[in-house]
Amino acid sequence: LLALAFSAKAGAADLNGYVMGTTKAVQELPLSGDRVAKREHFKLAIVTDDSASPFNLASQDCMATNVYSKDGKPLGGHGYCDGITASGDIWWIAVRMDADGTVHWTNYEGTGALQGITASGTSRVLAGFADGKVIIRFEGTRSK
């Protein structure tokens with residue numbers, strides 16, 4: 001997806017890596033001012049730089065409503081995600097996209113191994129393909 005201010009806490013660590021998968025516009029809505037809102041579904045896989053991260057090799061599904069100019073330039077948007085680790089724990093994420101395409105994200109704690117872990121940071125699309133595949137780089141900080 002996804003910088004937000006993050007207070008330094010004991011146990012803070014970098015949370016960086018790549019998200020890869022597909023995006024699909026599930027609905028387009030015309031807006032005033034020659035803009036269009038696109039409800040988009042992202043189906044993603046996470047690979048963190050730190051292979052010991054509890055978020056490494058997790059899946060993530062996101063829904064976002066983003067606004068674009070009629071020529072396709074992003075104007076901003078908001079959405080949410082949930083992530084599920086390979087071991088079956090879940091966490092929730094809020095996302096905001098800026099007009100320059102930067103996605104700000106905040107992870108809220110989840111279940112099991114993710115209980116008590118929060119994080120925030122930013123994401124940028126590195127590559128987007130005509131068939132909907134995307135490669136995204138994220139950088140952030142987590143607590144605990």
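This is a predicted model: local features need pLDDT of at least 70, side-chain atom pairs count only at pLDDT 80 or more; totals for chains, interfaces and linings use all residues.

Modeller: Happy to! Residues are numbered from 1 along each chain as its sequence is written, and side-chain values use heavy atoms, with hydrogens and water left out.

Biologist: What makes Asp 61 and Lys 43 a salt bridge?

Modeller: The term asks for a side-chain nitrogen of Lys or Arg within 4 Å of a carboxyl oxygen of Asp or Glu. In Asp 61 and Lys 43 the closest N and O atoms are 3.2 Å apart, and the pair forms a salt bridge. Asp 61 lies in strand 3 and Lys 43 in strand 2, 18 residues apart. Strands here are DSSP runs (E, at least two residues), numbered from the N terminus.

Biologist: How many salt bridges are there in the whole structure?

Modeller: A search finds seven. Among them is Arg 96 with Asp 98, where the closest N and O atoms are 3.2 Å apart. Arg 96 has 29% relative accessibility, so it is partly exposed, and Asp 98 at 22% is partly exposed as well. Asp 49, Arg 137 and Glu 139 are linked in a network of salt bridges.

Biologist: Why is Leu 57 called exposed?

Modeller: Leu 57 reaches 57% relative accessibility, so it counts as exposed. Leu 57 sits in the loop between strand 2 (35-48) and strand 3 (59-69).

Biologist: What forms the nonpolar patch on the surface?

Modeller: Tyr 18, Met 20, Val 47, Leu 57 and Leu 126 form it, with about 440 Å² of accessible area together. Patch members have over 30% relative accessible area and no salt bridge; nonpolar side chains (Val, Leu, Ile, Met, Phe, Trp, Tyr) are joined within 5 Å, like charges within 9 Å. The areas come from the Shrake-Rupley method with a 1.4 Å probe, and for residues only the protein chains shown count as cover.

Biologist: How do you know that strand 1 pairs with strand 8?

Modeller: Two strands pair if DSSP finds at least two bridges between them. Strand 1 and strand 8 (residues 133-143) are joined by 10 bridges and run antiparallel, so they meet that rule. The closed barrel of eight strands runs 1-2-3-4-5-6-7-8, with antiparallel pairing.

Notes
Helices (H or I, at least four residues) and strands (E, at least two) are DSSP runs, numbered from the N terminus. Buried means under 20% relative accessible area, exposed over 50%, partly exposed in between (1.4 Å probe, protein chains only).
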